[in-house]
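This briefing covers the pockets of one protein model and the residues that line them.

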Amino acid sequence: MLCLGLETSCDDTGVALVRGGALVDSLLSSQADAHAIFGGVVPELASREHGRRLGPMLDALLERNNLLLRDLDLIAVTRGPGLLGSLLAGAAFAKGLALALEKPLIGVNHLHAHLLAAGLEQELVFPALGLVISGGHTEIYLLESPERFIRLGRALDDAVGEAFDKAGKAIGLPYPAGRQIDELATRGNPKTFAFPLAYVHNENLDFSFSGLKTAAVNCGVNLKPEQYPDFCASLNRAVAATLCRKAQRAFAAHPYARALYAAGGVAANSLVRARLQKLMDKSKKRLIMPSIPLCMDNAAMIAYAGSLLYDAGYEHGLELEAIPRGRKIPDDMRKRR
Ligand code: KG4
Ligand code: ZN
């Protein structure tokens, strides 16, 4: 079973092939350059770029693997959450292929796919807890199986990556700033600036990073370049500590969970990775994280999650709807006949 995955939820265009649970090949085209001059993603520009890039990328991917369109057995596409125009560009392309090739179509939840991505590299275990930490989302899930996710908490305002990106902007770093903050932090003292641990003094599993974002921006704009490493290290520390507190609380509520999955761009952060690992070692649970390229937005995770859903007996029809950020993704997969 050869599954094509398409990812167009935000500003990266991705196409990938997965066969029998293993990655065959993938291509990713970042639009970061096109958006950098605006300091963030411009939705209109993103949809147009997806439309322009998808066809040539699919051609290139098939050609370099000596495959033809008719070799595809399944089309998997990100159906949300994301920017509506970007999602529609991917969904329309996927439907066109499914219709023309008379092959099944499956719509994939981008956040679930982030968590499942590690399955391309290691064995997945269930039940588990899952932390999605990206530029647009901060969510915590109970994972009962590859097709059954229960959301336990979410960002009430800004996502964790947004705090990194705006803090970076305040000290003149280009968008997206997370990776550069992480690098600068290696040379800094994390105890220099006492940033607030965001929204931990409560009983719930929701997140709020707008307070940390504001504190970091207000601090950052007044600093001299020699203070940037300390600033970045302090920010890393506040984020990692907050995520660990919430993860710990989730395990207290669901002690039977066997592992913690962490994924999304911010899971590439070295301190976040180290702190979560320490926490899991202490509680004798597994930490399941994709390698860094699979943490970021990519189509391999969409192809993989799509194949898991199809193998579990599900598919979508051509009525598949793209669901933008902020709207609940319906549980509308249909059982295959
Ligand atoms: O998952 P992703 O590629 O895209 C979505 O938002 O869906 O995540 C991008 C986010 C950006 O906010 C970026 O600054 C952040 O991940 N990021 C990092 C690191 N690498 C990327 N944040 C902290 N440390 C990193 N090493
Ligand atoms: Zn993502």
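Predicted model: local features only at pLDDT ≥ 70, side-chain atom pairs only at ≥ 80, totals over all residues.

**Pockets and their linings**

Helix 5 contributes 6 residues to the lining of the largest pocket, the most of any element.

**Largest pocket**

- The space in the largest pocket comes to about 1,400 Å³.
- Its lining is made up of 47 residues. Nearest the centre of the largest pocket are D11, G135, D165, Y175 and P176.
- Elements that each give at least two residues to this lining are strand 3 (22-30), helix 1 (32-36), helix 4 (110-116), helix 5 (160-170) and helix 6 (178-185).
- By class, the lining of the largest pocket has 19 nonpolar, 16 polar and 12 charged residues.

**Second largest pocket**

- The second largest pocket holds about 1,000 Å³ of space.
- There are 36 residues in the lining of the second largest pocket, and N109, H112, Y141, K328 and I329 are the closest to its centre.
- At least two lining residues each come from strand 5 (105-109), helix 4, strand 7 (138-145), strand 8 (148-154) and helix 11 (300-311).
- Strand 8 is the main contributor to the lining of the second largest pocket, giving 5 residues.
- The lining of the second largest pocket divides into 16 nonpolar, 8 polar and 12 charged residues.

**An element in both linings**

- Helix 4 supplies at least two residues to the lining of the largest pocket, and at least two to that of the second largest pocket.

How values were computed: Residues numbered from 1 in each chain as written. Chains lettered and ligands numbered in written order. Heavy atoms only, no water. 1 Å grid on protein atoms, 1.4 Å probe; cavity = no way out; pocket = protein on both sides within 12 Å on 5 of 7 lines; lining within 4 Å. Points joined across faces, edges and corners; volume = space filled by probe spheres on them. Helix = DSSP H or I, 4+ residues; strand = E, 2+ residues; numbered from the N terminus. Nonpolar A, V, L, I, M, F, W, Y, C, P; charged D, E, K, R; others polar.
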